[in-house]
Amino acid sequence: MALSSGLEFKATEASDLDSAICRDKVEYLEGEGAFTFNGRDSFVRLRRPVQDDFTLVFEFRTTSSTGQANCQWFGGCGLVDAESASVAAPVSRRPPRDEAADFGVSIGDGRLMFGIGGPDTTIVSERRYNDGCWHTVVARRRRDTGVFELIVDGMSQGQRLGSRDALAASEFVDIGRVQRGKNHFKGQLRRIFFFGRSLEDLESPSSHSPPPHPSALDPTTCEQRDEDDGDDAAGAAVASTGVAGGEIQDKAEPMTLSCLNVFCRLAAAAGFQLLIIGGWAIDACHGEQTRPHSDVDLCIWAHEREPFELWLTGPCRCRRVERHSMADGTSKTFFVLQSGASGEAMGMRLEAVRPGEIILEGRVWQCRAPMAAVLEGTGFGEKAIYGRRVPVGSLELVVKMQQVWGYHSEDKAVIHKLSLECDPEALSKIECTAKCLDSLSFCRRYRCPFDC
């Protein structure tokens, strides 16, 4: 039975494939929750669970360059495919007489493709994704309009207009190959979901609703090991799932280094510049984690706040996303990841009156710093925690902010040690001032498209 969210099928653990019609030479990696396909003859076959409105969500990882690109989807290596198998040869296009009301997602030469048949229409990603990293794919379709869209790592690869028919030409869906039995995928797939509706992004409730206290947000928990750190069970949970027998487990979790690392990488891949501040910035300058962190504080460019919030609401990314505004016009974004870890995004902007400076702003504080204290070239300066790079600006920026607004007594010794390594002249050019204590006014609550 489908869940209230419209979930028709999921594959997040080995037992989820027990209902498959066929599962041939597919290995399950317990530590990563991933299914491995050998690129030769491994695949999974299911009875097709969707045909009208639908959303397909999954993660994949590959280094393979096989499969054709810039063609119809069935010319690539099948990831999730419900082609009607009306063509026996592995061609990238089929004549009109063979076109049918079907669909599929594939990868060819590293490019993602999502296509609808009858007539055949395919979206092809601009960039390649065969870099050996995990990527999140969302393919969604609305039958009433015929519009379908491909989204990779939170970034739309385009929308096209396709058939308005029920896409029921094939009885089955194959995972790991195109359904005609050709073009096998070589790599890993995990967190595979089929939803029987086209999941939308945003809900704007009444601005008169009072803001809930963060402790009452009841985020979900879901542990998933990061491929880079087997000891950190909450690692790659930025896009992890929380469905267990149709129930959501509500429990807050700390922000871990592995989770922070994945979050920063996904945000960078989506084109957002994050500047980490607070406790994690101290640890990055120190080179190791000094204490547990309940959340992460960061800054984003003020003019990118709305696109950033919409990205946060992407499938399987966050449970809660809320924007709060201050009386002086500045805003901050509170978010709870699917892992249960949370964060707050303050704002930053270029100084108009004093060119060459950047202003970072929180609820009751403001920091004015030369660009050299924040930027290195075109990006933010980075420091590493156990080899994992974190964008924090400069040592002097981190130290000055913590000297003025340090909230944790256990950080004082580390801050003092780091201050001895600072350039006094650079430190003196950073101005930190207090603002009038403003009460937060609730501005907007976003609704994530679904709870994983």
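Which residue in S12 is the bridge partner of Ala-139? In S12, Ala-139 is partnered by Leu-150. This is a predicted model, in which local features need pLDDT of at least 70 and side-chain atom pairs count only at pLDDT 80 or more, while totals for chains, interfaces and linings use all residues. Residues are numbered from 1 along each chain as its sequence is written, and side-chain values use heavy atoms, with hydrogens and water left out. Helices (H or I, at least four residues) and strands (E, at least two) are DSSP runs, numbered from the N terminus.

- Strand S6 (residues 54-61) has 8 of its 8 residues buried, so the rest of the structure largely encloses it. Buried means under 20% relative accessible area, with exposed over 50% and partly exposed in between (1.4 Å probe, protein chains only).
- In a regular strand the side chains alternate between the two faces of the sheet.
- Both faces of S6 are covered, with Phe-54, Leu-56, Phe-58 and Phe-60 buried on one side and Thr-55, Val-57, Glu-59 and Arg-61 buried on the other.
- S6 runs antiparallel to strand S11 (residues 135-141), and 7 bridges join them. Two strands pair if DSSP finds at least two bridges between them.
- Leu-56 has Ala-139 as its bridge partner in S11.
- S6 also pairs with strand S15 (residues 186-195), in the antiparallel sense over 6 bridges. Arg-61 stands opposite Gln-188 in S15.

- S11 pairs with S12 in the antiparallel sense over 5 bridges.
- The hairpin of S11 and S12 has 5 residues between the strands, and Gly-146 there takes a positive phi near 80 degrees.
- Strand S12 (residues 147-152) is mostly covered, with 5 of its 6 residues buried.
- S12 is joined by 6 bridges to strand S13 (residues 155-161), and the two run antiparallel. The bridge partner of Ile-151 in S13 is Ser-156.
- The hairpin of S12 and S13 has 2 residues between the strands, and in this hairpin Asp-153 takes a positive phi near 55 degrees.

**A sheet of 7 strands**

- An open sheet is formed by 7 strands in the order S2-S5-S14-S7-S8-S9-S10, with antiparallel pairing.
- Strand S2 (22-24) and strand S10 (121-124) stand at the edges with a single partner strand each, so one side of each has no neighbour in the sheet.
- From one strand to the next, the twist averages 25 degrees.
- Strand S9 (residues 111-116) runs antiparallel to S10 and is joined to it by 4 bridges. Met-113 stands opposite Val-124 in S10.

**Helices**

- The axes of helix H2 (residues 279-286) and helix H4 (residues 395-405) come within 10 Å and cross at roughly 135 degrees. Axes are lines fitted to C-alpha atoms, for helices over the stretch in contact, and angles run from 0 to 180 degrees between N-to-C directions.
- H2 and H4 are therefore oblique to each other; angles under 35 degrees count as roughly parallel, over 145 as roughly antiparallel, 65 to 115 as roughly perpendicular and the rest as oblique.
- Ala-281, Ile-282 and Cys-285 in H2 meet Leu-395, Val-398 and Gln-402 in H4. Contact means heavy atoms within 4.5 Å.
- Ser-419 lies in helix H5 (residues 412-419). Leaving aside neighbours within four places in sequence, Ser-419 is in contact with Val-399 and Gln-403.
- Ser-419 and Val-399 are 20 residues apart in sequence, and 6.2 Å apart in space from C-alpha to C-alpha.
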